[in-house]
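Subject: A structure for you to look at

Hi,

Here is the structure I promised to pass on. Have a look at it first, and then read my notes below.

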Amino acid sequence: MIDQAEINTRIAKNLAKIRAERGFSLQKVGDFIGVSNQQISLFEKDKNRISAGQLYALALSFGIAIEEFFKPIE
């Protein structure tokens, strides 16, 4: 069974990866969910947790399935 810390790390790293692949700035991604670029940076560094609602909104904004955030880290 995978633990919560591992899930949070996957989400953080996959958020950073997906954002970079799409060429979006921290500010643009923050604008998608109404938070600052600093907050997105903290999410990506696994310092703060992203809510389920925010994660869902990001998946919609990126045009991906929410499952993409939970994929194992490569």
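Let me start with a question: which residues in α2 meet which residues in α4? On the α2 side they are V29, F32 and I33, and on the α4 side Q54, A57, L58, S61 and F62. Contact here means heavy atoms within 4.5 Å. Six of the residues in this contact are nonpolar, two are polar and none is charged. In that count, Ala, Val, Leu, Ile, Met, Phe, Trp, Tyr, Cys and Pro are nonpolar, Asp, Glu, Lys and Arg are charged, and the others, Gly among them, are polar.

Before going on, a word on the source: this is a predicted model, where local features need pLDDT of at least 70 and side-chain atom pairs count only at pLDDT 80 or more, while totals for chains, interfaces and linings use all residues. Residues are numbered from 1 along each chain as its sequence is written, and side-chain values use heavy atoms, with hydrogens and water left out.

Back to the two helices. Helix α2 covers residues 26-33 and helix α4 residues 52-62, and they pack at an angle of about 115° with their axes 9 Å apart. Axes are lines fitted to C-alpha atoms over the stretch in contact, and angles run from 0 to 180 degrees between N-to-C directions. Helices are DSSP runs (H or I, at least four residues), numbered from the N terminus.

I33 also belongs to the largest nonpolar core, which has 16 residues. Such a core is a set of buried Ala, Val, Leu, Ile, Met, Phe, Trp, Tyr and Cys residues joined through side-chain atoms within 4.5 Å; buried means under 20% relative accessible area, exposed over 50%, and partly exposed in between (1.4 Å probe, protein chains only). I33, F43, I50, L58, F62 and F69 touch the most other members. At least two residues come from each of α1 (4-22), α2, α3 (37-44) and α4, and α4 gives the most, with four. Beyond its neighbours within four places in sequence, I33 is in contact with I40, F43, I50, Q54, A57 and L58.

Two other residues are worth a look. R10, in helix α1, is buried, with a relative accessible area of 17%. Leaving aside neighbours within four places in sequence, R10 is in contact with I2, F69, F70, K71, P72 and I73. D46 sits in the loop between α3 and α4 and has a positive phi of about 60° although it is not a glycine. At 23% relative accessibility, D46 is partly exposed.

Best wishes
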